Amino acid sequence: SQVSFEEESQNPPAVGHWKPLMPSKGDKEEPESGCQDVGGVHEPQSTEQLNVSRLRSSSVEIREKGSEFLRDELHKAQKELKLKDKECERLSKVREQLEQELEELTASLFEEAHKMVREANTKQAAAEKQLREAWGKIDMLQAEVTALKTLVITSTPSSPNRELHPQLQSPSKAGFRKGHGRNKSTSSAMVSAASQNVAPEPVSRECKEVDSTLFAEFQTWKESPTLDKSCSFLDRIYREDVGPCLDFTKQELSELVRVAVEQNTLTIEPVASQTVPVGKVAAEECGGPKKCALSGLPRTCKHRIMLGDSGNYYYISPSCRARITAVCNFFTYIRYIQQGLVRQDVELMYWEVMRLRREMSLAKLGFYPSEM
């Protein structure tokens, strides 16, 4: 349309005189003057109007094509936007799936690690039991060798030992004994010792029964796990286990230890790993390798604790370490439950909590493993 408009504008129509075919009666005398007026005045006006109308038609056509182009572009943009929205939705679903798989993997790894630790502890206990039995057998054999050496040494040519030489005994006694003889008291003692060490221990099977009150409190806490000790579940454990287990002779230090355990800022390390910082706290205030800082009693301290980032070390006895460790194990497990890292049945988690409570109960009564 623009090309045709330019061609028409470059070639304007020819302007001439209009001659009427049938002149009217009133116009007979001056026909040429009327034609001149029409050709001179009306023809330029009609040409200008024609050009304006052509311009308007071309502008309208341009607007229509432009609006049509914009509509096409708008449709394309909307389609691309929908595709991008679908892609974003797909990526968000993939991210959620990856996060869920990561959580499940973390939980399974924790459960596997917990299982491996328990299996290692069981194997260690079995190995220690076998070691004790082996040492018992060694002691028995050493006692037997010592007894045989004593019998051999006490037999001399001047005074032979009749137990080693049955031919020197009377015929009645000699016929009674055949083969090699041993000292009766030594042999009976070794037989009794062997019977004590070799006799298998009776296998005891532990029976368990769920307490309805404790299980209901644990289920209520499990629905919305929290470390706030105002709930009935933790309140009972604080009163029955945590409080008595961390109740030492030194009350002020016991309170600091309890707060550090709750805030997970307590550190336990062997005494031989590092030396106590000089100029921090006097050895009498922190106890010492031969004095427990929590009980105040003279004990051999193989470990020490540090509360937070204070830099002050406190020597503790094996019994105090067992009590603190039992409470720390309990808080670690319930923190894992609160963080959603334990993916087990509610009853299994309940029995694990009861096992940790039993460890606290034994520790507060003074029972602890020999390796501590």
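This is a predicted model: local features need pLDDT of at least 70, side-chain atom pairs count only at pLDDT 80 or more; totals for chains, interfaces and linings use all residues.
Residues are numbered from 1 along each chain as its sequence is written, and side-chain values use heavy atoms, with hydrogens and water left out.

Over the chain, the mean pLDDT is 77, and 69% of residues reach 70 or more. Residues 1-10 are below 50, with six contacts beyond near neighbours in sequence.

Now the hairpin. Strands here are DSSP runs of E, at least two residues, and helices are runs of H or I, at least four, numbered from the N terminus. Strands E2 (residues 303-307) and E3 run antiparallel and are joined by four bridges; pairing takes at least two DSSP bridges. Ile 305 stands opposite Tyr 314 in E3. Five residues lie between the strands, and Gly 308 in the turn has a positive phi of about 70°.

Which residues of E3 (residues 313-316) are buried? Tyr 313 and Tyr 315 are, on one side, and so are Tyr 314 and Ile 316 on the other. Buried means under 20% relative accessible area, exposed over 50%, partly exposed in between, with a 1.4 Å probe and protein chains only.

Last, Leu 362, in helix H9 (residues 346-364). Leu 362 is partly exposed, because its relative accessible area is 40%.

Definitions and conventions: pLDDT is the predictor's confidence in each residue, from 0 to 100. Contact means heavy atoms within 4.5 Å.
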